[in-house]
Amino acid sequence: SSTVRLDYRPARFSVKNSGMSVQVKPKDAPHLPAVRVGERTFVLKQFHFHDPSEHTFKGRHFPLELHLVHGAEDGALAVLAVVFQEGDENPALAPLVAESLSRGQTRKLAEPLDIRPLLPKKLSYFRLNGSLTTPPCSEGVTWVVFSSPVKASKAQIEALGQIMGGPNNRPVQPLNARILVDDDR
């Protein structure tokens, strides 16, 4: 089992409607958000959303899933996955859905964004080696899937879904020979 440690501080971001998802990229900053998995450090490259979730819990999909995609110096990837359920408004989502974006449109957020509210308070997770869920679906990705959902308002979930233009999740894949590590803290 490898320990997962987050180093997320507010940073400047740009938001883009990629035509497939809402993609958010950090701008150059003195300190970019990062995660350590074991002894390796991965820096946040971008995060994006899937409607509905790509991961299921006991066969149940959630209305929204967030993928925080990180890269190491050697090109290795680690993705943190967070599922959302309907509830209170999420302060980190508010500036992302404040203005609707047309396909291909990008805008810079006016203020630094603290992305920590996008993560569950209890950082229990499942860890596995898998692939990217968007083309080219490359293998060898370290996945950290948080087991506790985060809340977002119905309006925020619907606004993200509207920008994305409909369902964009990859069908659930079989576990096959993957080892699933449960780190219930």
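Where does Pro136 lie? Pro136 is placed in the loop between β9 (125-131) and β10 (139-146), and a cis peptide bond joins this residue to Pro135. The structure is a predicted model.

**Cis peptide bonds**

- The bond between Pro135 and Pro136 is cis, with omega at about 15°.
- Asp51 and Pro52 are also joined by a cis peptide bond, and omega there is about -5°.
- Pro52 belongs to the loop that runs between β5 (40-50) and β6 (64-71).

- With a relative accessibility of 27%, Cys137 is classed as partly exposed.

**Strand β2 and its partners**

- Strand β2 covers residues 13-17, and four of its five residues are buried, so the strand is largely enclosed by the rest of the structure.
- β2 runs antiparallel to strand β3 (residues 22-26), and five bridges join the two.
- Within this pairing, Ser14 is opposite Lys25 of β3.
- β2 and β3 make up a hairpin, with four residues between the two strands.
- Gly19, in the turn of that hairpin, has a positive phi of about 95°.
- β2 is also joined to strand β8 (residues 106-108), by three bridges and in antiparallel orientation.
- Lys16 has Thr106 in β8 as its bridge partner.

**Salt bridges**

- Across the whole structure, five salt bridges are found; the pairs described here include Arg36 with Glu39, Arg40 with Asp74 and Arg107 with Glu99.
- Side chains that carry opposite charge can pair when their charged atoms come close.
- Arg36 and Glu39 form a salt bridge through their side chains, with an N to O distance of 3.2 Å.
- Glu39 is exposed at 67% relative accessibility, whereas Arg36 is partly exposed at 27%.
- In the salt bridge between Arg40 and Asp74, the closest N and O atoms are 2.5 Å apart.
- This pair connects distant parts of the chain, 34 residues apart: Arg40 is in strand β5, and Asp74 is in the loop between β6 and β7 (77-86).
- Arg40 has a relative accessible area of 35% and is partly exposed, while Asp74 is exposed at 56%.
- Arg107 and Glu99 are paired in a salt bridge whose closest N and O atoms lie 4.0 Å apart.

Conventions:
Residues numbered from 1 in each chain as written. Predicted model: local features only at pLDDT ≥ 70, side-chain atom pairs only at ≥ 80, totals over all residues. Heavy atoms only, no water. Buried < 20%, exposed > 50% of the residue type's maximum accessible area, 1.4 Å probe, protein only. Pairing = 2+ DSSP bridges.
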